[in-house]
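Please read the following briefing beside the sequence and the 3D view.

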Amino acid sequence: MPAEPVTPPVVVEDDHGGRAARRIITVLALVAVLPALYLPGRVHDFFDLKIYMRAMDWWAAGNPLYDYAQLDRVQGTLYFTYPPFGALLLSPFALLRLGVTVTVFTLLTVLAVVVTTRWLVDPVIARHHLPRVFTLTVAVLFVLAVESTRETITFGQINMLLVVLILADLLFAVPRNGRWAGVGVGLATALKLYPGIFIVYLLACRRWRAAATASATAVGATLLAAAVVPRDSWRYWTHELWATDRVGRTDYTGNQSLLGLLNRLTAPQEPDRLLWLALAGMVAGYGLWRATRAAHAGDALTGLTLTGLAGSLISPITWTHHIYWFVPAIVVLVDAALAAGPGADRRWLGLLAVGATMVIVYGVVSFQDWGTAQVPTDTVVEFVLRNAYVLLGLVLLAALPIRHRPNQPDTLPEMPTRR
């Protein structure tokens, strides 16, 4: 019998050139979009940084630091509101020309974005064997595109410094039970008070040593400032800290906190503070409960992300540039979606990641002029638009998946305290 013809194997050509071209086009497209996203923020003209530097000049001239005031079209009269330790760290920049200070702050913020994004994304790249350079580049461009980063850069804020301190502490020092565990969170708390919720998180996770170190660091930095500038320190801690009207209008759309949401419903009247305290207490309790569960499951990133989201919601004032915590939330969602098998779970996680990305890139104030009048929200559409971050934060607080990964590099395992 004649031999049957052998069908040659199908040769699939490896399209390295086409894949590289698609990646380059993707990166170039993202780079091209960035200027359009930053265009509305040009009107800020580093407004906050200029307040800091003018306040430092005022202070250096022998005036009381917390007497400095500056008018704003939306907020009315604005004051210097950082704790004295923050003022001490800012004061050397007053020796530089303003243009140099702006350049330094901008470059440091971009560098912080690159470093922290690498910390978040590298474990995901390793777990799912993603192309490293391309994935990191896209991730960095994405973080530069979100409204919180844009507002941080165009206002000249220091938020990314706080993020570096918190992530370095809770992703690396605390899981490894390092000697410096808690120092980053403590310094961030001394610079700006709202990171103090991460000390509560450490206590809830029974990280007694790290929590004690964070508390001691915050107190030590505060006492150092009190020793250098006792009069301004006494005034801040006994009076200015409690004068909430110095920070800005709580009903302004840029304030994406629970109190902001309530005040936008009742404006121009103040909301019921007892109602706000009750809601804030429930959100804080639920958020920290889920964060602690994540920490015990070895999911350090989800734990700190839930804590950051809870802190943003319960703070009386949470400006749009404060809410970095949507970024790690999307990293968690993408990681969980890639790990899930084909099906409803992957689709749900993917849709939530895409939806959250669209919300934080478009934002709540960049492309909307909400005016200066104190008027209540009276339509459903306006309510959603003016409270998009609050609503997204509540959804993520409940929906962010907790990944069980006791042996992964971004974990917070239970470890004995070093003696």
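Contact, as the word is used throughout, means heavy atoms within 4.5 Å. With neighbours within four places in sequence left aside, L120 is in contact with L167, L171, L301, Y324, V327, P328 and V331. This is a predicted model, in which local features need pLDDT of at least 70 and side-chain atom pairs count only at pLDDT 80 or more, whereas totals for chains, interfaces and linings use all residues. Residues are numbered from 1 along each chain as its sequence is written, and side-chain values use heavy atoms, with hydrogens and water left out.

**Nonpolar cores**

- A nonpolar core is a set of buried Ala, Val, Leu, Ile, Met, Phe, Trp, Tyr and Cys residues joined through side-chain atoms within 4.5 Å, where buried means under 20% relative accessible area, exposed means over 50%, and partly exposed lies in between (1.4 Å probe, protein chains only).
- The largest nonpolar core has 90 residues, and those with the most contacts inside it are L120, L170 and L396.
- Helix α15 (residues 326-339) gives the most to this core, with 9 residues; helices (H or I, at least four residues) and strands (E, at least two) are DSSP runs, numbered from the N terminus.
- A second, separate core has 22 residues, among them M53, M56, L65 and I158.

**Helix packing: α15 with α16**

- Two packed helices are described by the angle between their axes and the distance between the axes; here axes are lines fitted to C-alpha atoms, for helices over the stretch in contact, and angles run from 0 to 180 degrees between N-to-C directions.
- Helices α15 and α16 pack at an angle of about 155°, with their axes 8 Å apart.
- The two helices α15 and α16 are therefore roughly antiparallel to each other, given that angles under 35 degrees count as roughly parallel, over 145 as roughly antiparallel, 65 to 115 as roughly perpendicular and the rest as oblique.
- The crossing of α15 and α16 is left-handed, a term that applies if the near helix is turned anticlockwise from the far one by less than a right angle, with right-handed used if it is turned clockwise.
- On the α15 side the contact is made by F326, I330, L333, V334, A336, A337 and L338, and on the α16 side by R346, L349, G350, L352, A353, A356, T357 and I360.
- These residues of the contact of α15 with α16 divide into 12 nonpolar, 2 polar and 1 charged, where Ala, Val, Leu, Ile, Met, Phe, Trp, Tyr, Cys and Pro count as nonpolar, Asp, Glu, Lys and Arg as charged, and the others, Gly among them, as polar.

**Helix packing: α16 with α18**

- Helix α16 (residues 344-362) packs with helix α18 (residues 388-399) at an angle of about 155°, their axes being 11 Å apart, which makes α16 roughly antiparallel to α18.
- The crossing of α16 and α18 is left-handed, and the contact is made by W348, L352, A356, V359 and I360 of α16 together with A388, Y389, L392, V395, L396 and A399 of α18.
- By class, the contact of α16 with α18 has 11 nonpolar residues, no polar and no charged ones.

**Helix packing: α10 with α11**

- The axes of helix α10 (residues 208-228) and helix α11 (residues 230-238) come within 5 Å and cross at roughly 130°, and α10 and α11 are therefore oblique to each other.
- Residues T222, A225, A226, A227 and V228 of α10 meet P230, S233 and W237 of α11 in this contact, which by class has 6 nonpolar, 2 polar and no charged residues.

**Selected residues and backbone features**

- L279 lies in helix α13 (residues 273-296) and is partly exposed, with a relative accessible area of 27%; leaving aside neighbours within four places in sequence, L279 is in contact with L258 and L262.
- H322, in the loop between α14 (300-314) and α15, counts as buried at 10% relative accessibility, and its contacts, apart from neighbours within four places in sequence, are with N159, K192, Y194 and I317.
- The peptide bond from A267 to P268 is cis, with omega near 10°, and P268 has its place in the loop between α12 (258-266) and α13.
- D45 has a positive phi of about 50° although it is not a glycine; D45 is found in the loop between α1 (16-38) and α2 (47-60) and counts as partly exposed at 42% relative accessibility.
- N177, a residue other than glycine, has a positive phi near 55°; N177 is found in the loop between α7 (159-173) and α8 (183-191) and is buried, with a relative accessible area of 7%.
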